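Let's take a friendly tour of a protein chain, from its overall build down to single residues. Have a look at the picture before reading on.

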Amino acid sequence: MASESSLRPLGYLERWHLSRSCSDFDTCVVLSAKYSNNGAPLAYAALLDAMRRVVHVHPAMRATILDPHGSSPTFALIPEPSLVQDLSTFVVESSLTPNEIFFQKELQTQIELKEAYPLWRVKLLTDGTVCFSWNHSVGDGLSGVAFHATLLQALQDLSSDPLKPLPPQRPFHDAIDTLVDVRPGFFLIFKNVLQLFLPPSWFNRGTYTGSLIPATTGVTPRVRILKFPTDICKQLLSLSKKHHVSLTAFLLEVATSALATHLQGRTAVRILPTSVAVSHRPRTKVPATDFCDHVSGLHFARSLDPLFSWKEAQKVNMTLKANPFRDGEVIGLLKYLFGKYDSYWKGRLGKKRGACIGLSNLGVVRDVVEDGSSSWTVDDFMFVQNGILGGPPFEFGVVTSPSGSLTVLVRWGTEVVEDEMAQAVCETFKSRLEELANKA
């Protein structure tokens, strides 16, 4: 490939996500979707043609990282002609189908952090499913939606006119810490300093967060795919509206109560700490059609009660609505690592996790991905991310497809929680949602 042109240094959050990959605490974020043209699955040649337009539209698709393991990693652009020439290296055909084993293998595979290599890979599966996997440093979960929206538009454009001019390029957005105020408040700084000197039991006594982070890297991810048809999804949305909660708050309460059901009898456990991914795009003014890494997590705590509670869901919803960006100042704390990200992750080995459940909801992709009047359609979105080594033992990836169906991918690790228990939690989550929907 030709030499790259430097863009800008990585911001605090981007470097945080990069260091997770470099330290083997993370591999990739994954969003897949199934494409068809008048009922026929997407062909590889058509995908390659469309991908040439996608890498033109999004500079983030041409981004690489110079000195990724060094002290000053920097985004740089791969020349477009060079990347287009080598597209078949990063866009490949697979003989697999989008099942649980496929996603488990995908989560075990790092995005190669080589200079002049893009920060993503694409696989075309046998049924026309396009699996887009990317390094978290170049994009949040909604960046995957932006990719699929652009890919669908490219397929539609080429279908109507193969010689149609290339669409305008989108910007390569600045880091979140340069766009909004993420300076940590005094009490957040004081709390983190205090944790350096006081016993960990003072802060997480009675909490369940799965097993300790292993002393050596290497955790095998497991994935369970839970699908809910359009009629069930409509009932769940109706229930959420009736009780004045978002679907995100609703699903978090169902997941937490399901986990509590299978933790009964563990007398030391009293509190279940959880986290919800929150997009900062409303603050940074980045549309859902663009790539950026503008996200943080809101943290909650719930008692060990196996009964589903609308009151608990409403508590979560009130925080998500009233102060969704509260934990954005945690990004500002990264400044005080003084670039020692790798040392931080090594120091986490053998320590307790911060939460037992993480939930990320991409929302209704129909709001971004429009089929229009073209013969091309896209559906069956599935979303999952890794982070199992140091993150919550359970991660729920949620997305609502254009058809209105809801898909939840639950990720855990065999060394973090017993498979039998994890499968039981998934079954309870699924049956509880269906039971609530049927009562609506």
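## The chain as a whole

Keep in mind that this is a predicted model. The chain holds 16 helices and 15 strands. Its radius of gyration is 21 Å, close to the 22 Å that the globule rule gives for 440 residues, so the chain is as compact as a globular protein of that length. Along the principal axes, the C-alpha atoms fill a box of roughly 65 × 55 × 40 Å.

What share of the 440 residues is buried? The answer is 54%. If you look at contacts between residues at least 6 apart in sequence, 81% of them join residues at least 24 apart.

## The surface and the charges

The chain exposes about 18700 Å², and carbon and sulfur atoms supply 55% of that area. There are 44 positive and 42 negative charges, and their mean positions lie 7 Å apart.

## A helix to look at: α6

Helix α6 covers residues 141-160. From first C-alpha to last, its 20 residues reach 30 Å, close to the expected 28 Å. This helix is mostly covered, with 16 of its 20 residues buried.

## Two loop residues with positive phi

Asparagine 38 has a positive phi of about 55°, although it is not a glycine. You can find asparagine 38 in the loop between β2 and β3. Its relative accessibility is 69%, so it counts as exposed.

Aspartate 67, also not a glycine, has a positive phi of about 55°. It sits in the loop between β4 and β5. With 37% relative accessibility, aspartate 67 counts as partly exposed.

Terms used. Residues are numbered from 1 along each chain as its sequence is written. This is a predicted model: local features need pLDDT of at least 70, side-chain atom pairs count only at pLDDT 80 or more; totals for chains, interfaces and linings use all residues. Side-chain values use heavy atoms; hydrogens and water are left out. Helices (H or I, at least four residues) and strands (E, at least two) are DSSP runs, numbered from the N terminus. The expected span of a helix is 1.5 Å times one less than its number of residues. Buried means under 20% relative accessible area, exposed over 50%, partly exposed in between (1.4 Å probe, protein chains only). The radius of gyration is taken over C-alpha atoms; the globule rule is 2.2 Å times the number of residues to the power 0.38. Contact means heavy atoms within 4.5 Å. Accessible areas come from the Shrake-Rupley method with a 1.4 Å probe; for residues, only the protein chains shown count as cover. Lys and Arg count as positive and Asp and Glu as negative; His and the chain ends are not counted. The place of a charge is taken as NZ of Lys, CZ of Arg, CG of Asp or CD of Glu.
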